[in-house]
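Hi everyone, thanks for coming. Please have a look at the sequence and the structure on the screen, and then I'll walk you through them.

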Amino acid sequence: MSEWMVSSVTWLNYGLTVGLVLIGGFFSVLAAVGLLRMPDVYTRMQAATKAGTLGVGCMVLAVATHFVSLDVVLEALLVIGMLFITAPIASHLIARAAYFVGSPLWDGTAHDEMRGCYDADSHILHQKPTDAEEEPGDPRPSLLAGRTSREVMTDEDDEDTSPRVKRSSQSRSQAG
């Protein structure tokens, strides 16, 4: 009787491990397909983050079920916890950087919440859209000020032509 129970638990463990590996593999392949098929960097990151995190999480759970040990299970849970914490943050930061650099949005993008909120001259993100003129066809906020972020950064490298330096030198000359 006891031998039968051990055998059943072992087969259940194998079945659970194989199931988790298959599910993790499915989500990992789904993430790879999303990276290849999605139209812009933002939707590609969504596919990579969500499906990739689920895929890797299932694979790590499969490792924990295969090696039935408290140490391995704790390490697997820590790995999954760190993955679930860091992947969305990293994805958010990459998307934000891509938006500020001027990475184009997909033509089918319906709503751009950050439109007009980014000041390309000061690199400040405002809560509400600024007073800059909006160009109806271009969704990139850095172009709302008339220049791309790269142009603004190039201007800041050349300190003599930077608008900020010009403004401060004008105010100094008016004061003194």
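**A walk through the model**

Let's start with tyrosine 118, which is buried at a relative accessible area of 5%. Buried here means under 20% relative accessible area, exposed means over 50%, and partly exposed is in between, using a 1.4 Å probe and protein chains only. Before going on, a word on the source: this is a predicted model, where local features need pLDDT of at least 70 and side-chain atom pairs count only at pLDDT 80 or more, while totals for chains, interfaces and linings use all residues. Residues are numbered from 1 along each chain as its sequence is written, and side-chain values use heavy atoms, with hydrogens and water left out.

Now the overall layout. The protein has 5 helices and 2 strands, and along the sequence they come in the order α-α-α-β-β-α-α. Helices (H or I, at least four residues) and strands (E, at least two) are DSSP runs, numbered from the N terminus. Of the 176 residues, 26% count as buried.

Back to our tyrosine. Where does tyrosine 118 sit? Its place is strand E1, residues 118–119.

Let's follow H3 for a moment. H3 has 32 residues and reaches 46 Å from its first C-alpha to its last, close to the expected 46 Å. That expected span is 1.5 Å times one less than the number of residues. Several H3 residues are buried, including Ala76, Ile80 and Ala87. After H3 comes glycine 102, with a positive phi near 105°.

Next, helix H1, residues 2–37. Its 36 residues should span 52 Å, and its end C-alpha atoms are 52 Å apart, so the two agree. Among the buried residues of H1 are Asn13, Thr17 and Leu20, and the buried residues of H1 pack against H2. In H2 we also find threonine 53, which counts as buried because its relative accessibility is 11%. Leaving aside neighbours within four places in sequence, threonine 53 is in contact (heavy atoms within 4.5 Å) with Ala48, Leu83, Phe84 and Ala87.

On to the rings. How many aromatic pairs does the structure hold? There are 4. Rings of Phe, Tyr and Trp (its six-membered ring) pair if their centres lie within 6.5 Å; planes under 30 degrees apart count as stacked, over 60 as edge-to-face and the rest as tilted. Tryptophan 11 and tyrosine 14 are edge-to-face because their centres are 5.9 Å apart and their planes at 85°. Both lie in helix H1, 3 residues apart, about one turn of the helix. Tryptophan 11 is exposed at 61%, whereas tyrosine 14 is partly exposed at 41%.

Finally, the cysteines: cysteine 58 is buried at 13% and cysteine 117 at 4%. A search of the whole structure for disulfides (cysteine sulfur atoms within 2.5 Å) finds 0.
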